[in-house]
Amino acid sequence: MENILNVTFLENTFYQWIIAIVIIAVALFSIKILKNVVIRRVKKWSLTTETTWDNFIIAVMESSVIPILYISSVYFALLTLKLDVTVDKVIHVAYLFSFTFYVLKIISAAFKKFVYSFINRGEDRESKEKQAGGLIAIVNIIIWICGIIFLIDNMGYNVTTLIAGLGVGGIAIALAAQTVLGDLFSYFVIFFDRPFEIGDFVSLGSENGIIEYIGIKTTRIRTLSGEQLICSNTDLTNSRLHNFKRMEKRRVVFSLGVTYQTTYNQLSRIPEIVKKIIIARPELQFDRGHFSGYGDFSLNFEFVYYVASADYNIYMDNQQAVYLDIFSSFEKEGIEFAFPTQTLFVNKENRMHEAS
């Protein structure tokens with residue numbers, strides 16, 4: 001029996017081959033138990049929890065960790081054998097490629113999960129996921145570049161020169177593309193700070209419109225006149241931008257003027273008339289109303305109320321209804337609106353005296 005175990009095959013005795021096979025068998029059996037018993041039970045338990053991170057961890061273990069364990073069990077079993085230098089190097093390189101691939105896959109998936117968890121805290125999940133696509137793509141590129149450098153370094157190559165070259169090249173690219181990099185960093189600001197989102201109605205200078213798309217370099221706004229306005233992300237983050245979708249309620253200030261022939265009793269009733277008209281509408285909140293001053297041709301009043309909605313159509317519908325009700329009430333009360341006129345009063349007695 002000892003003679004058989006000492007028989008050499010491919011520079012290794014049967015005993016060494018048996019040890020390698022036993023290591024592989026035990027490892028595969030243990031991984032099988034981990035997969036079919038432990039992970040399966042944990043998966044059933046995760047269905048009862050509210051968080052999605054446990055589901056994510058289980059999915060990562062099934063898609064990446066289990067393959068790493070399979071590959072590692074075979075690799076470390078083969079390390080117990082004496083193999084040809086070339087074969088040993090090929091196996092080592094293959095293992096590094098596989099291990100690096102799955103590790104980078106785990107890191108990439110974890111970052112993606114983190115971003116989506118951050119997104120799910122708010123509303124408009126679908127639009128935010130589209131916006132996050134550019135960020136995820138950029139970070140994935142960085143992750144895989146770092147992984148490739150790590151792989152090259154572990155294969156025995158000197159990466160110092162490569163890293164130095166990348167550093168010099170990065171500086172040259174940064175100087176040549178300052179505007180692009182500025183827009184890229186502004187994209188990160190927009191994504192994490194969220195001054196506006198897709199679907200928001202914004203005002204930028206003299207332009208008004210709805211945010212349609214947020215890209216790595218530009219943001220596209222559909223203006224009220226119908227055309228698409230394309231702005232660089234840097235311009236948006238450096239500008240004073242009004243976001244009307246974030247407005248909880250709209251403050252409305254309006255003035256009206258009546259003629260100087262209006263009586264005192266009519267003047268004193270005007271604030272109460274307008275107040276009743278405003279508070280009669282459930283979407284409006286009356287704030288104040290006052291006789292504000294004497295104009296060149298009118299007695300002026302100022303009124304303030306709030307619309308409990310940011311919707312522009314609701315605001316305009318209510319404003320129109322208030323104006324029409326004011327017109328109707330003033331007509332019933334005999335109160336006349338003022339308009340730019342001048343009335344000349346002539347003293348007849350003085351004219352007759354001058355004529356004589």
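In this predicted model, strand E5 and strand E6 (residues 228–232) run antiparallel and are joined by five bridges. Within this pair, arginine 222 lies opposite glutamine 228 of E6. The two strands belong to a hairpin with four residues between them, and in this hairpin glycine 226 adopts a positive phi near 110°.

On E4, strand E5 also has a partner: E4 (residues 207–214) and E5 (residues 218–223) pair in the antiparallel sense, again through five bridges. Glycine 209 is placed opposite threonine 223 of E5, and isoleucine 214 has threonine 219 of E5 as its bridge partner.

These strands are part of an open sheet of five strands, with antiparallel pairing and the order E6-E5-E4-E3-E7. The edges of the sheet are formed by E6 and strand E7 (241–243), each of which pairs on one side only. From one strand to the next, the twist averages 40°. In a regular strand, side chains alternate between the two faces of the sheet.

A further antiparallel pairing involves strand E9 (residues 284–294) and strand E10 (residues 299–307), which are joined by nine bridges. One of the residue pairs here is phenylalanine 286 with its bridge partner in E10, tyrosine 305. E9 and E10 likewise make a hairpin, in which four residues separate the strands.

Among the helices, H9 (residues 264–279) and H10 (residues 312–333) pack against each other, with axes that come within 10 Å and cross at roughly 145°. The crossing of H9 past H10 is right-handed. On the H9 side, the contact is made by Gln266, Arg269, Ile270, Ile273, Val274, Ile277 and Ile278. The H10 side contributes Val322, Asp325, Ile326, Ser329, Phe330 and Glu333. Sorted by class, the contact between H9 and H10 comprises eight nonpolar, two polar and three charged residues.

Definitions and conventions:
Residues numbered from 1 in each chain as written. Predicted model: local features only at pLDDT ≥ 70, side-chain atom pairs only at ≥ 80, totals over all residues. Heavy atoms only, no water. Pairing = 2+ DSSP bridges. Axes fitted to C-alpha atoms, helices over the stretch in contact; angles between N-to-C directions. Left-handed = near helix turned anticlockwise from the far one by under 90°. Contact = heavy atoms within 4.5 Å. Nonpolar A, V, L, I, M, F, W, Y, C, P; charged D, E, K, R; others polar.
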